[in-house]
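Colleague: I am new to this structure. Could you walk me through how to read it, feature by feature?

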Amino acid sequence: MLSRSSFTSLVVGVFAVYVAHTCWVMYGIVYTRPCPAAAGGGGGGGGGGGGAAGCVWPYLSRRPKLQLSVYTTTRSSIGAESNIDLVLNVEDFDVESKFERTVNVSVPKKTRNNGTLYAYIFLHHAGILPWHDGKQVHVVSPLTTYMVPKPEEINLLTGESATQQIEAEKQTNALDEPVSHWRSRLTLNVMVEDFVFDGSSLPADVHRYMKMVQLGKTVHYLPILFIDQLSNRVKDLMVINRSTTELPLTVSYDKISLGKLRFWIHMQDAVYSLQQFGFSEKDADEVKGIFVDTNLYFLALTFFVAAFHLLFDFLAFKNDISFWKKKRSMIGMSTKAVLWRCFSTVVIFLFLLDEQTSLLVLIPAGIGAVIELWKVKKALKMTIKWQGLRPKMQFGTYSDSEKKTEEYDAQAMKYLSYLLYPLCIGGAGYSLLNVKYKSWYSWLINSFVNGVYAFGFLFMLPQLFVNYKMKSVAHLPWKAFTYKAFNTFIDDIFAFIITMPTSHRLACFRDDVVFLVYLYQRWLYPVDKSRVNEYGESYEEKPKKKAHRE
């Protein structure tokens, strides 16, 4: 079997290969090889030049006068001008100029009855109707989607009458069914680079968005019109009522480079694949937020940060499990801190479950909660024996040294309770008076979570107090601590890059303070070889090797 050090080296090696492979794949996405014949000086944009055979030239290089038209209809395909409504017409459309306009769209009766309304976006020559223009390009996008609406939140104290409660119960049953929502934003892009493609090796991702025409001896591709589906966020959705006759639609346009266009196509395909695997609109929206709400350079930094976070998470997990698996004594370890970590992890898991968080976040939180419960079992020396179908729990005995540690632990918790309990109760009371919640359970879980985020670091203090009393830190799992410390500083970077609640952002920084205190104690208290280590052993107890005979 592999030793622990060789296994760690293997994991780090696999991680390095993964990062290198990902960088190579990303380079292949954002870099497109131009046509060699065009680079060699062959003719092109003007329509001549047989030396550029095999190249596909941009039609935009001819600088045509274009017009942008947006139509709406309830049909998924149209062949003529009938039964469509023109909602936006941009004459003398400049592909280089960014704009944003809000228009009111008439909502047909069919759409109000949970039907679908489509937007047809045409880019065509100015002064010519789209269906009469042989060189027009168009894309189609649904303006409606189906989703379960968010439950209404109420003030739990000012309350509701019995009649309102009955109505609320009816609404709760109705809320279980998805209803039609309006997409209030439509984001358009046109690829504006005068890029000459190699006709023999067109990128598959862009090829499906390209429409080619033969002009003389050369082949041109018409303007690449693209709908940015990643910008369709859940926060922009509006419930469509039966009485709704008009809804606002914000149409925004911006140019896009070829590299970003290819990257965006891959990301949209990835989000679509997640939805096909059963991800809800809300789950997919969280993935979209990573790309839309973050600058592209920050996004690249986020990838590397997340990759290292994953590596350190695994190494910390591995060393933490190894530490507790071999743990035979609780000397120097704060049992109250272990219990608090278990409680806080379970509470955060229940909070994420109540908020219907993505499974990508929920599953790791659930695994972490199970591991913390296992640690509590080890810390309390608990054994479970079954008497038929009824479990019976037994607790082991503590040595004199462990009892001394428990005394220090209880003393620290006594001092801490004078500060912690009033803060938590006060925060829960304030939120009950001023914040709206879906239910009493939701308020209870949110109060616990706010206590964990705001004052959770105080429960790390008993371990610091035990270290101070025992003048030792040899009993702590320093390997796991080191990896967790790296993750803590990585979380600090995430706190600036990624949108998150303020309480969670503050929770990232308060962990830094506690870890710095741990480092100070490690420097303050030198290693005593007569003191037990994290496995219940001391250096002096280890058997000495026999002297080598000559």
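Colleague: In what order do the four strands of the open sheet run?

Modeller: Start with the general idea. Strands of a sheet pair through backbone hydrogen bonds, either parallel or antiparallel. Now the case here, in what is a predicted model. The order is β4-β15-β9-β13, and the pairing is mixed.

Colleague: Which strands stand at the edges?

Modeller: β4 (99-106) and β13 (225-227) do. Each has a single partner strand, so one side of each is left without a neighbour in the sheet. From one strand to the next, the twist averages 25°.

Colleague: How many bridges join β9 to β13?

Modeller: Three, and the two strands run antiparallel. β9 covers residues 185-191. For a pair to look at, take N189, which stands opposite F226 in β13.

Colleague: Which helix lies across β9, β13 and β15?

Modeller: Helix α6, residues 258-276. It runs at about 40° to β13.

Colleague: How do I read a nonpolar core? Which residues touch the most other members in the largest one?

Modeller: In soluble globular proteins, nonpolar side chains tend to be buried together. Here the largest nonpolar core has 36 residues, and F93, I121 and L186 touch the most other members. Apart from that core lies another, of 24 residues, with V206, L230, F263 and M267 among them.

Colleague: What is F93 in contact with, beyond its neighbours within four places in sequence?

Modeller: Its contacts are L66, Q67, L68, F99, L123 and Y253.

Colleague: Which side chain does S141 join through a polar contact?

Modeller: That of Q229, at 3.5 Å. Q229 is also listed among the contacts of S141 beyond four places in sequence, along with L117, Y118, A119, L186 and I227.

Technical notes:
Residues are numbered from 1 along each chain as its sequence is written. This is a predicted model: local features need pLDDT of at least 70, side-chain atom pairs count only at pLDDT 80 or more; totals for chains, interfaces and linings use all residues. Side-chain values use heavy atoms; hydrogens and water are left out. A polar contact is a pair of N or O atoms within 3.5 Å; within protein, one must be able to donate a hydrogen and the other to accept it, and residues adjacent in sequence count only if both atoms are side-chain atoms. Contact means heavy atoms within 4.5 Å. A nonpolar core is a set of buried Ala, Val, Leu, Ile, Met, Phe, Trp, Tyr and Cys residues joined through side-chain atoms within 4.5 Å. Buried means under 20% relative accessible area, exposed over 50%, partly exposed in between (1.4 Å probe, protein chains only). Two strands pair if DSSP finds at least two bridges between them. Axes are lines fitted to C-alpha atoms, for helices over the stretch in contact, and angles run from 0 to 180 degrees between N-to-C directions.
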